[in-house]
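This briefing is intended for a reader who is meeting the structure for the first time. Please keep the sequence and the model at hand while reading.

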Amino acid sequence: MGPDPEPASLQAKSTIIPLDAQQEKARIKAGAGCNDHQQQQKWRKWGPSGGSSSSAINRIGTSSVIFPLYGNVYPNGFYFVQVYVGYPPRPYFLDPDTGSDLTWLQCDAPCVRCTAGFHPLYRPSNDLVICRDPLCASLHSSDYKCDNPEQCDYEVEYADGGSSLGVLVNDFFTLNLTTGVRMNPRVTLGCGYDQLSGSSDHPLDGVLGLGKGKSSIVSQLRDQGIVKNVVGHCLSAQGGYLFFGDDVYDSSRIIWTSMSRDYTKHYSPGLAELRFGGKSTGFKNLNVIFDSGSSYTYFSSQIYHALLSLIKKELKGKPLKEATDDHTLPFCWKGKNPFESTRDVIKYFKPFALSFSDGWRSKVQFEISPEGYLIISSKGNACLGILNGTDVGLNNFNMIGDISMQDKLLVYDNEKKAIGWAPANCDQPPKSNARTY
């Protein structure tokens, strides 16, 4: 059953006032996410029978939430998760993005510009977040002035040039916990009434913000005592799964390293050394971040060209030649016959790795096999899924995207400030309290 009837306080009519194009806008640059804020929103939760359930608040972290993931790196070019928002709950397909904090839906406020999505536009609740709310303040610079005190305007911009402009609202977010309990907490999310498509635009209903900031969905759930502030995902060629909380994996089987203190807005294990074929390349102190919102992996120009040179050197004398007529990605190679899968070509390519130091502990490695950086195009060629990040404005950042996180369990433990990974069968979601990795 769903939640109890909507509280009377949510039934009062509120009017969303769109920003004029010339008015000052809050900007969160290139998916950097939100600053920390004190979550002071009221919330409710219900058990499966509609009755109040207070046990979770007293036993924080004893349950998790697991969501199936759909999509793939190629040919879809994105993954998405189905969530239920509102009263009554309605389904939406969102991009699970560890590179940004704010969750938002394309919204009929009415919508000025909205891209094509899978579902009807989200109808906003009447529970607007006011401008003086600490969460709203955290999205803006300190000298921000409220155009309308009764609402919180936001704008998020992403590295691919896409953006969402809208207002913050509170609404119900349906969760099925691994304990068997259904809950409907109220969370703060964005009602996006003006979207611009980026270069990697996907036909989705919005973004599920999974970043480190307190406006992220999992941080809000942590503040409400529902799950620990732990996010994880396991990506495969057929989809995979996403989870909140820490009771769905065996921590002892995961390679852990500390989150870098130098990156307050991104998930980063710190500085890395690039190794190729088990040997050092001489490139060290690389700035590395993990971003599930990016399909491909991006290296800064110098690292990208060095890695490309190493790959080309390894291919000399091999029965492959560059497929200049295949524009799926910047570099593709063809064989005597079209390839059907990466299994047909991995013998020609070497793995590489990023080695991270963790204080006094020994170094840990994030290994990327050929399956983690190659795709087979529709023409049957092997294409390099590593791109030049400098060309798209990432400067010196090196971004590990979905292609290099496939067939791995990735865990971002914001409680312990640690990032972990382990090989996994991502087509087999864990059961409640499963210890299978």
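The structure is a predicted model. Six disulfides are counted in it, and three of them are described here pair by pair.

**Disulfides in general**

- A disulfide is a covalent bond between the sulfur atoms of two cysteines.
- The count for this model comes to six disulfides.
- When the bonded cysteines of the protein chain are numbered in sequence order, they pair as 1-8, 2-3, 4-6, 5-7, 9-12 and 10-11.

**Cys-111 and Cys-114**

- Cys-111 is joined to Cys-114 by a disulfide with an S to S distance of 1.9 Å.
- The link of Cys-111 and Cys-114 is right-handed, with 100 degrees about the S-S bond.
- Cys-111 has a relative accessibility of 23% and therefore counts as partly exposed.
- Cys-114 is likewise partly exposed, because its relative accessible area is 30%.

**Cys-131 and Cys-146**

- The sulfur atoms of Cys-131 and Cys-146 lie 1.9 Å apart and form a disulfide.
- The torsion about the S-S bond of Cys-131 and Cys-146 is about -90 degrees, so this disulfide is left-handed.
- Cys-131 is located in the loop between β4 (104-106) and α2 (134-138), while Cys-146 is located in the loop between α2 and β5 (153-157); the pair therefore ties together parts that are 15 residues apart in sequence.

**Cys-136 and Cys-152**

- A disulfide with an S to S distance of 2.2 Å joins Cys-136 to Cys-152.
- The torsion about the S-S bond of Cys-136 and Cys-152 is about 90 degrees, so the disulfide is right-handed.
- This pair links distant parts of the chain, with Cys-136 in helix α2 and Cys-152 in the loop between α2 and β5, 16 residues apart.
- Both Cys-136 and Cys-152 are buried.

- His-202 belongs to the loop between β9 (186-196) and β10 (206-209).
- His-202 counts as buried because its relative accessibility is 17%, and buried means under 20%.
- Which residues does His-202 touch, not counting residues up to four places away in sequence? They are Gly-77, Phe-78 and Asp-95.
- Leu-94 is 108 residues from His-202 along the chain, and the C-alpha atoms of the two are separated by 9.9 Å.

- Strands of a sheet pair through backbone hydrogen bonds, either parallel or antiparallel.
- The antiparallel pairing of β22 with strand β23 (residues 382-384) runs over three bridges.
- Leu-374 has Leu-384 in β23 as its bridge partner.

Note on methods:
Residues numbered from 1 in each chain as written. Predicted model: local features only at pLDDT ≥ 70, side-chain atom pairs only at ≥ 80, totals over all residues. Heavy atoms only, no water. Disulfide = S-S within 2.5 Å. Buried < 20%, exposed > 50% of the residue type's maximum accessible area, 1.4 Å probe, protein only. Helix = DSSP H or I, 4+ residues; strand = E, 2+ residues; numbered from the N terminus. Contact = heavy atoms within 4.5 Å. Pairing = 2+ DSSP bridges.
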